[in-house]
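Work through the exercises below with the model open beside you, and try each task before reading its solution.

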Amino acid sequence: KLAAPWLQSNNDARSLALAALTAAPKGPGALGDNVAGLSGGKGWQLGLDHTLGIEGLSQEHGVLGWSNGKTGVGLGFDYLNFGSVDAYSVVGNKLVAGTAFNPYAANASLGASQKWGGVSLGAAAKWASQSLDGSSSASAFAGDLGLLWAGKSGLSLGVAAHNLGGDLDGAKLPAQTKLGLAYQAKPGGH
């Protein structure tokens, strides 16, 4: 049994558009792709996204990070509203409408990474919570790990493990391991 499949979704628009971000993450968005990339930016960065789906589904995503090019830290938050769901019960062989409810899910991450030459290592602690039946909620803690190698030629390799540990409502969180390879051409074609 697997809990919280929503933890496998992309957190922001850049992650959704660029599947290679496991190997080339930079800045606070790395919390969702490969936490080792937190050390890749410079200074403070803020990212905010709002995604609107069908049937009232929506997602709010926010991330704040700081890096000096060697050390990086990031804090992220996601809130998913699954829209309004009508509730019904059976009373005397008749279907009776009840009060509608709004299932939701949320997660928060706090991570850090350190760069040594062309290798970066990162780790993040994650809290996940959901309320799917409108009456109770459950939460769990998990962790993410990341490794990133960037060569001078523009080639980079990344490995990321997400949602390690933690049970939510008696089921395991969706652990994932991602491997990515990226090539970033240098300006001027050389």
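**Exercise 1.** Determine whether Glu55 is buried, partly exposed or exposed, and then treat Asn163 in the same way.

*Solution.* Start with the relative accessible area, for which buried means under 20%, exposed over 50% and partly exposed in between (1.4 Å probe, protein chains only). Glu55 has a value of 71%, so it is exposed, whereas Asn163, with 2%, is buried. Next, look at the backbone: phi of Glu55 is near 55°, a positive value in a residue other than glycine, and Asn163, also not a glycine, has a positive phi of about 60°.

The model is predicted, so local features need pLDDT of at least 70 and side-chain atom pairs count only at pLDDT 80 or more, while totals for chains, interfaces and linings use all residues. Residues are numbered from 1 along each chain as its sequence is written, and side-chain values use heavy atoms, with hydrogens and water left out.

**Exercise 2.** Describe the open sheet of 8 strands and find the strands that stand at its edges.

*Solution.* First write down the order, β1-β2-β3-β6-β7-β8-β9-β12, with antiparallel pairing, where two strands pair if DSSP finds at least two bridges between them. At the edges stand β1 and β12 (176–183), each with a single partner strand, so one side of each has no neighbour in the sheet.

**Exercise 3.** Classify the ring pair formed by Tyr79 and Tyr104.

*Solution.* Rings of Phe, Tyr and Trp (its six-membered ring) pair if their centres lie within 6.5 Å, and planes under 30 degrees apart count as stacked, over 60 as edge-to-face and the rest as tilted. The centres here are 6.0 Å apart and the planes are at 20°, so the pair is stacked. Tyr79 lies in strand β3 (residues 71–81) and Tyr104 in strand β6 (residues 104–116), so the pair ties together parts that are 25 residues apart in sequence. As for accessibility, Tyr79 counts as partly exposed at 31%, and Tyr104 counts as partly exposed at 27%.

How values were computed
Helix = DSSP H or I, 4+ residues; strand = E, 2+ residues; numbered from the N terminus.
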